[in-house]
Amino acid sequence: MYYEIIFVTLRNIKTSKNVNIKDLSLKIYNTKEIDNYRDYNPTDPYLLARIFTFLANNYNLDQMGFIDFGAGKGRVITYAYNYNFNFNFNFKKIIGIEFAEELFKESITNLAGLSDNKTPPTLIHMDATLFDIRDELNVFYFFNPFIGDVIKEVLKNIDKSYLSKQRDLLIV
Ligand SMILES: C[S@@+](CC[C@H](N)C(=O)[O-])C[C@H]1O[C@@H](n2cnc3c(N)ncnc32)[C@H](O)[C@@H]1O
């Protein structure tokens with residue numbers, strides 16, 4: 001809670017409130033998989049700081065592409081783009097995929113509130129299983145977005161992308 005308050009106070013973005021998946025308009029590819037989709041809850045700011053500090057300390061992020069599967073209101077994407085209290089992250093590419101229309105729109109608003117000279121992240125409104133994983137992507141972020149056949153499908157797509165271009169991959 002302490003970290004959440006600091007996080008919200010320092011950044012001008014609204015990402016805290018949880019949302020039940022049943023209250024959202026979903027752009028679903030396969031309606032049979034509805035039970036596999038998870039609600040919106042943002043990543044805990046303390047965890048976020050630890051993850052990104054680890055990445056910045058151990059990898060050349062300017063050589064890497066980052067993707068958040070189930071980007072929600074954009075908390076992780078905005079962090080990857082604009083976190084510069086201790087580090088200045090410079091991912092080569094940042095992508096957020098979100099299939100709930102309401103959350104996708106909020107992520108656009110949240111991102112628009114950040115001013116930076118870097119190339120902005122790409123936010124995509126689609127079902128993650130349909131996303132064709134390009135070889136510029138290496139860091140795959142999942143904060144409990146889906147389970148079952150949906151996660152299997154996305155992992156299969158990552159595998160296919162790796163086989164077409166072998167490179168270091170990180171699954172967070
Ligand atoms: C637990 S939230 C994580 C939000 C964000 N990544 C974060 O860490 O702050 C999971 C998100 O995944 C989205 N989601 C679930 N299934 C999805 C799918 N098949 N395609 C795209 N987004 C999906 C939900 O709408 C929700 O916003």
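I started at F69, which stands opposite F142 in β4. Elements here are DSSP runs numbered from the N terminus, helices being H or I with at least four residues and strands E with at least two.

Before going further, a note on what I have open: this is a predicted model, where local features need pLDDT of at least 70, side-chain atom pairs count only at pLDDT 80 or more, and totals for chains, interfaces and linings use all residues. Residues are numbered from 1 along each chain as its sequence is written.

**Strand pairing**

Then I checked burial for β1. My cut-offs: buried means 20 or more other C-beta atoms within 10 Å of the residue's own, exposed means 12 or fewer, partly exposed is in between, and C-beta atoms are placed from the backbone. Four of the five residues in β1 (residues 65–69) are buried, so the strand is largely enclosed by the rest of the structure.

**N144**

I stopped at N144, in the loop between β4 and α5 (148–164). Its phi is near 45 degrees, a positive value in a residue other than glycine. Buried or exposed, I wondered about N144? N144 is exposed, with 11 other C-beta atoms within 10 Å.

I listed the shell next, taking a residue as near if its C-beta atom, placed from the backbone, lies within 6 Å of the molecule. The ligand has 25 residues around it, and G70, G72, A128, F143 and P145 are the closest. Two or more shell residues come from each of α3 (75–82) and β2 (93–98). I sorted the shell by class and got 14 nonpolar, six polar and five charged residues. For that, Ala, Val, Leu, Ile, Met, Phe, Trp, Tyr, Cys and Pro count as nonpolar, Asp, Glu, Lys and Arg as charged, and the others, Gly among them, as polar.

**Whole chain**

I counted five helices and five strands in the protein chain, in the order α-α-β-α-β-α-β-β-α-β from the N terminus. Of its 172 residues, 34% count as buried. Along the principal axes, the C-alpha atoms fill a box of roughly 45 × 40 × 25 Å.

Terms used:
Two strands pair if DSSP finds at least two bridges between them.
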